[in-house]
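Look at the model below and follow its chain from one end to the other.

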Amino acid sequence: QVQLVESGGGSVQAGGSLRLSCVDSGYTSRGRCMGWFRQGPGNTREGVATITSGGRTTHYADSVRGRFTVSQDTAANTLYLQMDALNPGDTSMYYCATGDGGPWYLCSLTDSHYDHWGQGTQVTVSS
């Protein structure tokens with residue numbers, strides 16, 4: 001049963017923007033952390049951005065801070081990732097995830113702290 005469904009990926013040129021969406025149809029995010037992760041070919045999965053339940057606190061990987069913005073619409077059970085100033089290094093499969101986010105619900109960028117995952121949406125940035 002698919003509970004997290006991502007959309008919004010695509011191909012853009014460097015400097016362009018994309019907005020990813022993740023619908024949580026299984027309500028797996030209630031009271032828990034939500035986040036975006038990515039994995040490129042031959043690379044390990046890395047945390048991109050996370051947000052606490054209610055959206056009070058966000059965390060970003062150093063590589064995307066200032067360019068990406070994570071947000072959520074709790075009424076629509078939807079998580080977003082606005083990606084600006086994209087560069088070829090951002091080319092990856094992007095995954096939405098929900099989970100406890102590690103100790104004290106800090107919503108870390110560590111993927112092992114998340115237990116529900118979407119199928120992913122591909123982002124390709126050309127130079």
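Thr-28 is in contact with Gln-3, Leu-4, Thr-98 and His-116, leaving aside its neighbours within four places in sequence; contact means heavy atoms within 4.5 Å. Thr-28 itself sits in the loop between β3 and β4. Strands here are DSSP runs of E with at least two residues, helices are runs of H or I with at least four residues, and both are numbered from the N terminus. Because its relative accessibility is 9%, Thr-28 counts as buried. Buried means under 20% relative accessible area, exposed means over 50%, and partly exposed lies in between, with a 1.4 Å probe and protein chains only.

This is a predicted model, in which local features need pLDDT of at least 70 and side-chain atom pairs count only at pLDDT 80 or more, while totals for chains, interfaces and linings use all residues. Residues are numbered from 1 along each chain as its sequence is written, and side-chain values use heavy atoms, with hydrogens and water left out.

Now take the chain as a whole.

Of the 127 residues in the protein chain, 43% are buried. Among the contacts with a separation of 6 or more, 58% are between residues 24 or more positions apart. The protein chain exposes about 6,300 Å², and carbon and sulfur atoms supply 48% of this area. Accessible areas come from the Shrake-Rupley method with a 1.4 Å probe, and for residues only the protein chains shown count as cover.

The protein chain has 8 positive and 10 negative charges, and their mean positions are 4 Å apart. Lys and Arg count as positive and Asp and Glu as negative, whereas His and the chain ends are not counted. The place of a charge is NZ of Lys, CZ of Arg, CG of Asp or CD of Glu.

Next come the cysteines. The structure holds two disulfides, a disulfide being a pair of cysteine sulfur atoms within 2.5 Å. One of them joins Cys-22 to Cys-96, with 2.1 Å from S to S. Cys-22 lies in strand β3 (residues 18–24) and Cys-96 in strand β9 (residues 92–99), so this pair ties together parts that are 74 residues apart in sequence. The torsion about their S-S bond is about -70°, which means that the disulfide is left-handed. Both Cys-22 and Cys-96 are buried.

Another disulfide joins Cys-33 to Cys-107, with 2.0 Å from S to S. This pair links distant parts of the chain, 74 residues apart: Cys-33 is in strand β4 (residues 33–39), and Cys-107 is in the loop between β9 and β10 (116–117). With a torsion of about -80° about the S-S bond, the disulfide of Cys-33 and Cys-107 is left-handed. Cys-33 and Cys-107 are both buried. When bonded cysteines are counted along the chain, the disulfides follow the pattern 1-3, 2-4.

Some loops remain. Gly-16 lies in the loop between β2 (10–13) and β3. Not counting residues up to four places away in sequence, Gly-16 touches Met-83, Asp-84, Ala-85 and Leu-86. One of these, Ala-85, lies in the loop between β8 and β9. Ala-85 has a positive phi of about 50° although it is not a glycine, and at 40% relative accessibility Ala-85 counts as partly exposed.

Asn-77, in the loop between β7 and β8 (78–83), also has a positive phi, near 50°, in a residue other than glycine. Is Asn-77 buried or exposed? At 10% relative accessibility, Asn-77 counts as buried. Gly-66, by contrast, counts as exposed at 80% relative accessibility. Gly-66 is found in the loop between β6 (58–60) and β7 (68–73). From Gly-66 to Ala-76 the chain runs ten residues in sequence, and their C-alpha atoms are 26 Å apart in space.
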